[in-house]
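Take a look at the chain below before reading on. Keep the sequence beside the 3D view.

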Amino acid sequence: MRITQDFAPRGPQGPGTGQAFGRRPVRGRAGAALTAAVALTLLLTGCGGGNDSASAGPKGGTSSADADRVEPLATAPAPKLPVTVDSADGKKVTVDSTDRIVPLTGSLSEIVFTLGFGKQVVARDITATFEQAEKLPVVTRAHDVSAESVLSLKPTVVLADTTTGPSEAIDQIRDAGIPLVVVEPAKELADVGRRIDTVAEALGVPAAGSELKARTESRIAAVQKTIPDHADGKKPRVAFLYLRGSASVYLLGGAESGASSLLEAAGAVDAGKTSGLNKDFTAITSEALAKAAPDAILLMSKGLDSVGGMDGLVKIPGIAETPAGMDRRVVSIDDGVLLNYGPRTDRVLAEIVEQLYPKGGKGQ
């Protein structure tokens with residue numbers, strides 16, 4: 001993936017109300033809570049930012065490059081319209097046309113393109129970074145949706161999720177008479193099928209949604225069959241870290257980080273979750289890392305770059321003393337796809353498995 005934008009944290013009423021990462025570190029207990037909330041918002045929208053370099057494997061290998069494209073269904077479906085659907089914000093929305101579609105998150109864009117509607121998409125959110133979407137006009141500033149930019153493209157339907165904002169922009173689009181459907185965000189593997197079904201229903205192609213859901217679930221299952229047996233019967237403990245070194249953001253993921261489901265699907269244990277971290281993120285401390293005792297560390301590739309790669313990672317207090325730090329063992333995945341929980345989830349899972357279990361190696 002190619003993601004070069006520095007992303008702005010969202011405030012409680014929507015995105016873009018704070019400063020961009022890298023401008024001013026947030027410190028102290030209140031700061032840790034704020035940065036945790038910011039991280040979760042960015043993760044749920046697939047907005048961590050990315051880089052142009054290859055992701056580092058467990059011992060310095062590279063990850064697959066095919067995540068730069070989505071793979072549409074073989075046959076583009078014919079929508080049966082109009083349809084009236086329930087929007088996640090409690091409204092009923094009638095969609096009459098899919099001629100001009102604007103998806104307002106990268107994850108939703110992936111689903112729309114994969115369902116076969118790529119030619120009808122007329123704009124993108126800044127987080128839609130895959131190859132087929134990269135030349136489309138961007139209708140967000142940092143993470144703020146520009147209602148004026150959206151409306152100038154005369155969309156016939158807009159797709160958003162509950163993290164999309166600001167609310168004034170959503171209201172302005174709706175007040176202009178544009179059908180806008182809000183979708184619940186994805187937080188775990190079980191949400192993949194639900195999101196596909198919801199988007200497919202809104203676009204009038206439920207059968208195509210069922211086909212894509214079946215394809216995605218089948219591919220995820222196929223990846224899981226490649227997971228090797230654990231030599232000693234123990235699953236590897238993996239800690240998910242959210243890092244933005246330039247902004248002094250160093251967070252350890254817990255049960256609500258969004259990564260637990262992927263790690264468990266990869267035959268691993270979420271070290272943060274099993275160490276008792278029941279929420280999303282907590283500030284990294286030597287004590288927290290010692291309790292988590294990860295055998296490997298899962299990172300977004302831009303996060304790893306932001307601390308200076310592996311050499312910089314082990315300088316973060318507590319990292320070098322963990323089994324993962326001592327073995328210099330990381331799993332690095334492109335920011336734009338790691339937690340999208342969409343049609344490319346099988347590729348993300350395959351990269352995790354490939355890096356977590358080196359060829360010919362065994363589980364921890």
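## The whole chain

This is a predicted model. The secondary structure comes to 13 helices and 13 strands. The chain has 364 residues, and 57% of them count as buried.

## Helix α2, an enclosed helix

Helix α2 covers residues 106-117. Among the buried ones are Gly106, Leu108, Glu110, Phe113 and Phe117.

The length of α2 is worth a check. A straight helix of 12 residues would reach 16 Å at 1.5 Å a residue. The end C-alpha atoms of α2 are only 14 Å apart, which falls short of that.

## Helix α5 and Arg195

Helix α5 also has 12 residues, and they should span 16 Å at 1.5 Å a residue. Its end C-alpha atoms are 17 Å apart, which agrees. The buried residues of α5 include Asp191, Val192, Ile196 and Val199. After α5 comes Gly204, with a positive phi near 80°.

Arg195 sits in α5. Is Arg195 buried or exposed? Its relative accessibility is 1%, so Arg195 counts as buried. What does Arg195 touch, leaving out residues up to four places away in sequence? Its contacts include Thr105, Ser107, Leu108 and Ile111. Asp161, Val183, Glu184, Pro185 and Ala186 are also touched by Arg195.

## Two helices side by side

Two packed helices are described by the angle between their axes and the distance between the axes. Helix α6 (residues 206-224) packs with helix α13 (residues 345-356) at an angle of about 10°. Their axes are 8 Å apart. Angles under 35 degrees count as roughly parallel, and α6 and α13 are therefore roughly parallel to each other.

Which residues meet here? From α6 come Arg219, Ile220, Val223 and Gln224. From α13 come Thr345, Asp346, Leu349, Ala350 and Val353. By class, this contact has five nonpolar, two polar and two charged residues.

## Aromatic pairs

How many aromatic pairs are there? The count comes to three. One of them joins Phe113 and Phe130, edge-to-face, at 5.1 Å centre to centre with 80° between the planes. Phe113 lies in α2 and Phe130 in the loop between α2 and β4 (140-141), so the pair ties together parts 17 residues apart in sequence. Phe113 is buried, with a relative accessible area of 7%. Phe130 counts as buried too, at 1% relative accessibility.

Tyr242 and Phe281 also form an edge-to-face pair, 6.2 Å centre to centre with 65° between the planes. Tyr242 is in strand β8 (residues 237-244) and Phe281 is in strand β11 (residues 281-283), so this pair ties together parts 39 residues apart in sequence. Tyr242 counts as buried at 1% relative accessibility. Phe281 counts as buried at 9%. Together with Phe240, Tyr242 and Phe281 form one aromatic cluster.

## Loops and backbone details

Start with the loop between β8 and β9 (249-253), which holds Ala247. Ala247 counts as buried, at 2% relative accessibility. Ala247 and Ser306 are 59 residues apart in sequence and 9.1 Å apart in space, C-alpha to C-alpha. Ser248 is found in the loop between β8 and β9. Ser248 is not a glycine, yet its phi is positive, about 55°.

Arg328 is not a glycine either, and it has a positive phi of about 50°. It lies in the loop between α12 (323-327) and β13 (330-333). Arg328 is partly exposed, with a relative accessible area of 35%.

Where are cis peptide bonds found? One joins Leu81 and Pro82, with omega about 0°. Pro82 is in the loop between α1 (28-44) and β1 (83-86). Another joins Gly165 and Pro166, with omega about 5°. Pro166 is in the loop between β6 and α4 (167-175).

How values were computed: Residues numbered from 1 in each chain as written. Predicted model: local features only at pLDDT ≥ 70, side-chain atom pairs only at ≥ 80, totals over all residues. Heavy atoms only, no water. Axes fitted to C-alpha atoms, helices over the stretch in contact; angles between N-to-C directions. Helix = DSSP H or I, 4+ residues; strand = E, 2+ residues; numbered from the N terminus. Parallel < 35°, antiparallel > 145°, perpendicular 65-115°, else oblique. Contact = heavy atoms within 4.5 Å. Nonpolar A, V, L, I, M, F, W, Y, C, P; charged D, E, K, R; others polar. Expected span 1.5 Å × (residues − 1). Buried < 20%, exposed > 50% of the residue type's maximum accessible area, 1.4 Å probe, protein only. Phe/Tyr/Trp six-rings, centres within 6.5 Å; stacked < 30°, edge-to-face > 60°.
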